[in-house]
Amino acid sequence: MRVSPAGRSRQLALVEDSPLRHADPRTKLFLSLAVSLVVMTSIERLLIFLAVYVLFLLWARLIIPTVEHIWRLKWVLILLFFFDWWLISLDHAILICLRLILLTGVFALFFSTTNTRELGLALEKLRVPYRYAFSLSLAFQSLGLLDDEWRTIREAQSSRGALPNVSSFWKFITNVGDLISLTVPAIVLTTKRAWAITEASYARGFDSPHRVSYHSLSFTRLDTLLVTGTMILLILLFWRR
Amino acid sequence: MLRANQISFRYPQEGHGLSPISLNVERGRITLVTGPSGCGKSTLARCLMGLIPHLYNGEMTGEVWLNGYRTDEVPMWQLAEKAGMVFQNPAAQMLAPTVEDEIIFGLENLGWAHDEITIRLETALTDFNLAHMRHRNPQTLSGGEQQRLALAAILARQPDALILDEPLSMLDTTAATELIAYLQKFAVSGKALVMFEHRHEYLDGLPELHHIALDGKERETEFLSANLSARERFKLNIDQLQVQLGKREVIQNLDLEMNSGQIVAIVGRNGVGKTTLLRSLAGLQKHDGKVTVNTAHGNETPNFGIAFQNPDLQMFNASVRDEMLYRLPNPDLNYFRWLISALGLERYENTPPLLLSEGEKKRVALGLVLMRQPAHGLLLDEPSLGQDQLHKTILIRLLRTLADAGQLVIMTTHDLTLASHADRLILLGPGGEVIADGLSDAVLNDSSAWQKSGILLPDWFLRGRMESQ
C-alpha cells in the first residue's frame, strides 16, 4: 500500500516576503501574458530571456517555489526532451523544454504572489463580469483541495482493496474499467463541494445587485516600473525577428 | 418571523424529500427540530432559507413566509438579507482565501459602505475570537474554528433569522457548548433561530426552547445477535509513534498497548491528531516508530479495516449489495445477511448507496469494511456522526458483538455517550499527548484530566451519568 505524507498539500503557498506580493495583480497578469508571448520566440532569444527571468525571480525571492513547481514536471520534461531529440533534433528538444519550463514558472510566479481574492478582483477590474471572475477565482482556490481529496479517495479505496491495479501501462489498459472506483467518488465529492459553495454563497446574497467591492486595486511606482520594463524587454526581443 | 404552511418537497429522481409540515419560528427563542436520519431535516432547512425552490428542482407544495416575504416570490439575495444559514459541514462552505475575506464576502453583497463593512468585520472578528487568525486560510482551521467562522460570516450580516443545519455534528463538547452560548445570545436579542440537530442534549433544559420532532419513516430495526467465529487473541503495540504533518509534530513518542476483544475510544479536542493516529494504525500515514501486532505465533503487520469520516470517499457501485460485496472472491453470504440487517440497511439492499442519507451511507461504509473481515479489527473515525439515537444504539451493539468475537475496535469520537460504552477510554491533550488512559468509567470520573484536555463535560452528560449510576 502506498503511504502518503498527508498534511502536505501541493497547493502553492503565498510568498509573503516577495516584493511582487505588493504588486497589483493586473501587473502580474500582464507579466504572465508577456512571458507566455516570449515562449514563441527563437531559442537564442529564449535563452537571453531566461537569463533575465532568472535574475527577476531572484529579485522577487521566487526561485525556490518556481523550481519546486518545475520539479514536479521532471518526468514530463525528461520524456519530452528525449522524444523530441530522438524524433526531431536536439535544438527542438531544448526549445520545447524551455517553453514548458517558462510557462510552468510563470504559473508559480503568479500564484505564489497572488491570492484568489486578488485574482478575482483583477479580473473584475478588467471588466470580466463578477459572476465569472468569482467562479474562476474559486476554481483556482479549489485546485489544492481537489488534490487532497484525490489522495484521500485513493487511500480509502486502497484500504478496502478497491484501488485499480495500474502498476504498468498494460495493467492500466486492461484494468481501465476499475478506475470507476476513483472517478465516481471524485466526481461526487467535487460536485458536492461545488454545490455546498453555491448554497453558501447564495445564502450570503451572492446574486445581490447592490454588491460593492471592499478591496480596491491601485497602481504604484513598482507596477509602473514592472510594466515599462517588461514592455522594453518585449520590444527588444521581438525587434527585427 | 419564519412560517411554513404545509410545505412538502420531492426531489426529482430520489422520490423522497419532505412530508407535509407546518411550523412557526418565533423571535426570542430557539426552535429545535429533531428527527431520525433521512426524515427531511436538511430539506426543511433549505425550504425555510429559500434555497428550495430557488436552487433546487423538484416538486414543492405549500408556502414559506420569511419576515413578510413569500420565499418563492422574491429573489434569493433579498431572502439572504433577512435570514442566514449555517450548513452541516463548515469546511465545505468556506469560499474565501482568508478568514477576514470570508466575513467580508457577505458584507460586500449587502452593498454597505466601506467604513460600515470595516466596523462589522472588526466586531465579528472580536465577538467570535477570530482576530488573531484573520489572515489564515479557512481550510487550515480546526472544525470548531471553522464553525465559529461560518457563524461569524453570517451574523456579521445581522440577519433577523438564523437557520442551522446540524451545526454541532462535527464539534467537540467544548466547541459545541460555546456555540450554544453564542446562539442563546442571538435568540435572546430578539432574533429567530431554528436549529436542526441530532445532538439535542446540548439544548435540553434551555429556557424558551421550542422542540419540534419530525416523523420519520425509519422503522424500528431489531438487532440480530450473531455468533461470529472467535479470533485468536493478540496485542497491538504502538511503540514511540511519531507523526509530522508539514512543520507540525502531531503525534510525539506515543506508546500504547491494546488488547484484542476490546472497544477503545480515543477522545480529544478537534485537531489534536486523533484521525492521524487511526491513519497510522491503518498503515496510511507515514510515521516513525513501530506499530505491531503480537500473537501467539509472533509479530504480525497490523491488518485493520478503516471506516472514514466521509463515506462518499468509497461509494461507487449501483447498489448497497454490490458496494458491500465488491471484489470479494468468496463472500460469506450468511455474514452479509446478518451484517446488512444489523446495520439497518436491509430495505436498501438494491438502492444506489449515493442516494442514501449521510447516516445511512456511513453504515454502508462500515458494512463494506466489515465484509472484508480484517484480521485484527476495526478503526472508526467519528462513527456516530450523522446517526440518530436508534442507529447509535445499533452501532454500539454491533461493535460489542465484534469485540466479543475477539476483534479490536478503536474509534475516535466527540460523542461522550458513545465513548462511555467503550471498554477503555484514551483521552488526548491539546498537544496530542495521552492525558488519561483506563476503563471508560474511571476516565470519565477523572474531572482533572478533562480539564487538562480542554474538553468540557457538559451538564447534560454529567446528569445522565449520575442518573444511570
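**Notes on a predicted two-chain model**

1. Please keep in mind throughout that the model is a predicted one.

2. β6(B) pairs with strand β7 (residues 161-165) of chain B in the parallel sense, over 4 bridges. Within this pair, B:Ala83 stands opposite B:Ala161 in β7(B).

3. Next, the packing. Which residues have the most contacts inside the largest nonpolar core? They are B:Leu48, B:Ala152 and B:Ile163, in a core of 75 residues. Helix α6 (residues 143-155) of chain B gives this core its largest share, 7 residues. There is also a second, separate core, with 73 residues, and B:Ala342, B:Leu398, B:Leu402 and B:Met411 are among them.

4. Setting aside neighbours within four places in sequence, B:Ile163 is in contact with B:Ala45, B:Leu48, B:Met49, B:Ala83, B:Met85 and B:Val194.

5. On one hand, strand β12 (residues 263-267) of chain B pairs with β18(B) in the parallel sense over 4 bridges, with B:Val264 opposite B:Arg424. On the other hand, β18(B) pairs with strand β19 (residues 434-439) of chain B in the antiparallel sense, over 5 bridges. There, B:Leu428 stands opposite B:Val434.

6. For contrast, here is a loop residue. B:Asn129 lies between α5 (114-127) and α6 of chain B. Buried or exposed, then, is B:Asn129? B:Asn129 has 12 C-beta neighbours inside 10 Å, and therefore counts as exposed. From B:Asn129 to B:Gln252 the distance is 29 Å, C-alpha to C-alpha, and the two are 123 residues apart in sequence.

7. Now to the other chain. Chain A has 10 helices and 0 strands. Its C-alpha atoms fill a box of roughly 60 × 60 × 30 Å along the principal axes. Chain A has 241 residues, and 27% of them count as buried. Taking contacts in chain A between residues at least 6 apart in sequence, 74% join residues at least 24 apart.

8. One helix pair in chain A shows how these elements meet. Helix α1 (residues 25-38) and helix α5 (residues 90-111) of chain A have axes that come within 9 Å and cross at roughly 175 degrees. That angle makes α1(A) roughly antiparallel to α5(A). On the α1(A) side, the residues that meet the partner are A:Lys28, A:Ser32, A:Val35 and A:Ser36; on the α5(A) side they are A:Leu102, A:Leu103, A:Val106, A:Leu109 and A:Phe110.

9. As for confidence, chain A averages a pLDDT of 86, and 93% of the residues score at least 70. Among its elements, helix α4 (residues 74-87) of chain A has the highest mean pLDDT (92) and helix α8 (residues 169-174) of chain A the lowest (73). Over residues 1-9 of chain A, pLDDT stays under 50, and the model has 18 contacts for them beyond four places in sequence.

10. Finally, the interface. How many residues of chain B are in contact with chain A? There are 51, against 47 residues of chain A. On the chain B side, the elements that give two or more residues are α3 (76-82), β6 (83-86), α4 (99-109), α5 and α11 (358-371). The largest share of that side, 6 residues, comes from α4(B).

How values were computed:
Residues numbered from 1 in each chain as written. Chains lettered and ligands numbered in written order. Predicted model: local features only at pLDDT ≥ 70, side-chain atom pairs only at ≥ 80, totals over all residues. Pairing = 2+ DSSP bridges. Core = buried A, V, L, I, M, F, W, Y, C linked by C-beta atoms within 7 Å. Buried ≥ 20, exposed ≤ 12 C-beta atoms within 10 Å, placed from the backbone. Contact = placed C-beta atoms within 7 Å. pLDDT = per-residue confidence, 0-100. Axes fitted to C-alpha atoms, helices over the stretch in contact; angles between N-to-C directions. Parallel < 35°, antiparallel > 145°, perpendicular 65-115°, else oblique.
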